[in-house]
Amino acid sequence: MVRQPRIDLILLVDLDTQKSEPTPDEALRVIGNLATPDGQLAPPDMVKRVGIGTRVRMVFSDVASGLSLPQWTIDEAAPQPEKPWRYPQE
């Protein structure tokens, strides 16, 4: 059996509600892993769908009692760009 290497994707997301506040170049940004809607790390096929402009929503992963980490998942209900920009892949 051949194992595929794990590809974790970390996102830096500009929150829409903070766009251009206080200036056009500053916004509230939140970092987190790309995850499935249930908070598990995203599989490789999901990673390949994400690029600049992909619409995401926040989900939380419980890591300890009373502690959750923000993660991001693709927002399937939002309109997505036809071809989000991304670095060339293999």
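Student: What makes the pair T36 and D38 a polar contact?
Tutor: The side chains of T36 and D38 are joined at 2.3 Å. A polar contact is a pair of N or O atoms within 3.5 Å; within protein, one must be able to donate a hydrogen and the other to accept it, and residues adjacent in sequence count only if both atoms are side-chain atoms. The value of 2.3 Å falls within 3.5 Å, so the term applies. The model is predicted: local features need pLDDT of at least 70, side-chain atom pairs count only at pLDDT 80 or more, and totals for chains, interfaces and linings use all residues. Numbering starts from 1 along each chain as its sequence is written, and side-chain values use heavy atoms, with hydrogens and water left out.

Student: Why is T36 called buried?
Tutor: Its relative accessible area is 16%. Buried means under 20%, exposed over 50%, partly exposed in between, with a 1.4 Å probe and protein chains only. So T36, at 16%, counts as buried. T36 sits in the loop between β2 (29-33) and α1 (44-47). Helices (H or I, at least four residues) and strands (E, at least two) are DSSP runs, numbered from the N terminus.

Student: How do you know that T73 is buried?
Tutor: T73 has 0% relative accessibility, so it counts as buried. T73 lies in strand β4 (residues 67-74). Beyond four places in sequence, T73 is in contact (heavy atoms within 4.5 Å) with residues including T36, M46, R57 and V59.

Student: What makes β3 and β4 a pair?
Tutor: Pairing takes at least two bridges found by DSSP. Strand β3 (residues 56-64) and β4 share 8 bridges and run antiparallel. R57 stands opposite T73 in β4. The two strands form a hairpin with 2 residues between them, and G66 in the turn has a positive phi of about 80°.

Student: Why is the pair W85 and Y87 called edge-to-face?
Tutor: Rings of Phe, Tyr and Trp (its six-membered ring) pair if their centres lie within 6.5 Å; planes under 30 degrees apart count as stacked, over 60 as edge-to-face and the rest as tilted. By this rule there is 1 aromatic pair. The centres of W85 and Y87 are 5.0 Å apart and the planes meet at 65°, so the pair is edge-to-face.
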